Each structure stands twice: as structure tokens, then as C-alpha cells.
Amino acid sequence: MVKKLTQKLKRVYFPIIKKRDGDICFFCLMMFVNEVSKWNRTYHHLNKNTEDNRPENLVFAHEECNRLCEDKPDWQILSKEKLLDNEKYHQYAEEITAHNDEDKETNVEIDTNELYLKFAKEILTDKLVGKGGNPSVEESLNFKDTANDVAYMVKEVVGHGSSITASRALDLECASLADFEKYKEQGGKWRIKKRKK
Ligand SMILES: [Zn+2]
């Protein structure tokens, strides 16, 4: 196992991680800002073992978020789940590379992260806003079920879907500037509705 995450290794991993997760901070989902040191890109070790430099164990994070993670149990849980998820994805990635030797024009070029964002937006828009001038189908949606639906749609395209990644795409669609919002119903389950402007 490689002990140190060298600059060279970072150059090798950068496109792999970018393709898997997008070039955004794993924790806050925001972009990196080179001019501001706390918003620079770092490589966060999901299992906290800085000698475990497998790409599965690495995600991009802001310097600040990487530091804040130390005191945030929910981010630590998210890290553990993401590692399990990456380990599955990685196996799949090898599979698809082998498969694509026969047919180079297929799925390998698809940015999986973009698919999650696309399907999350599509599903929320179709069901909560309405499609093609038709009224919306639902007033609100169960967050977890919707995440599973998005993961399923991604799986249909690339052969692997993760409800964790789907949840994060939905979270982004529920950001305070976005068209939807997330709220907790009685009983503590999360739901999503159209944001009142
Ligand atoms: Zn961040």
C-alpha cells in the first residue's frame, strides 16, 4: 500500500475522483476557490487512515470542511457510507472498463454524478411542478423514496445506483436558492415540496 499521498498520486486520482463525484466538496457540495485557502481542494480520507490512499478512500473536500469533519459525527457517518459505496463502485468501474474494450462509445463517457443531478431535478420537476403544462401530480414527496427512485434511474443507465449519492443530489435541489425545499413531517420523516417564492 502507498504510504503517502504524493502530488503525483493526486494527479493520477484527480480525474478518477472528479468523474465519480464531480469537482465539488464532498461535505458541503460547493465548488473550490483557489484564492481562498480555507476553500482550497484537499483530499479527505474517508476512513481517517491517511496511509490508506486507495481512490475509494479519497474524496475532494474544502480545507475547512476537512477540518470541521473532526467534530461532526454526521459527516463521519457520511464518510463511512461513502467508502462502502465507493468500494462497490470501484468493482463496477473495472467491470465496465473491461466491457467497453469491445464497445468504446458506451457508458464509460457518462459522468455519473451529472446523472444523479439530472434525474433528481427531473423527478422533482415532473412530480411537484408538473410536466408539459399539466398540473403537478403530488403536493410533496417522501425524501427517502425519491432518493431510491433516483438511484434506480441511474442504475438503469450505468448499472450501479447509490441512494446516498441520490440523497445528496436531492439535497442540492433543496438548497435555499433552489426550487424545492426539504421539511420534516410529524414522525420525523423528511419530505420535499415545491418552494414558495
Ligand atoms: Zn466544503
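Which residue in E5 is the bridge partner of lysine 182? The partner is isoleucine 192. This is a predicted model, in which local features need pLDDT of at least 70 and side-chain atom pairs count only at pLDDT 80 or more, while totals for chains, interfaces and linings use all residues. Residues are numbered from 1 along each chain as its sequence is written.

The bridge belongs to the antiparallel pairing of E4 with strand E5 (residues 190-194), which extends over five bridges. Helices (H or I, at least four residues) and strands (E, at least two) are DSSP runs numbered from the N terminus, and two strands pair if DSSP finds at least two bridges between them. Three strands, in the order E3-E5-E4, make up an open antiparallel sheet. Strand E3 (140-142) and strand E4 (180-184) are its edges, each pairing on one side only. On average, neighbouring strands of the sheet are turned by 30 degrees against each other, direction ignored.

Helix H4 packs on this sheet and touches E3, E4 and E5, its direction making about 70 degrees with that of E5. Contact requires C-beta atoms, placed from the backbone, within 7 Å. Axes are lines fitted to C-alpha atoms, for helices over the stretch in contact, and angles run from 0 to 180 degrees between N-to-C directions.

Helix H4 (residues 112-129) also meets helix H5 (residues 143-158): their axes come within 9 Å and cross at roughly 130 degrees. H4 and H5 are therefore oblique to each other, as angles under 35 degrees count as roughly parallel, over 145 as roughly antiparallel, 65 to 115 as roughly perpendicular and the rest as oblique. Residues of H4 in this contact include Leu115, Phe119 and Ile123, and those of H5 include Val150, Met153 and Val157.

How values were computed: Contact = placed C-beta atoms within 7 Å.
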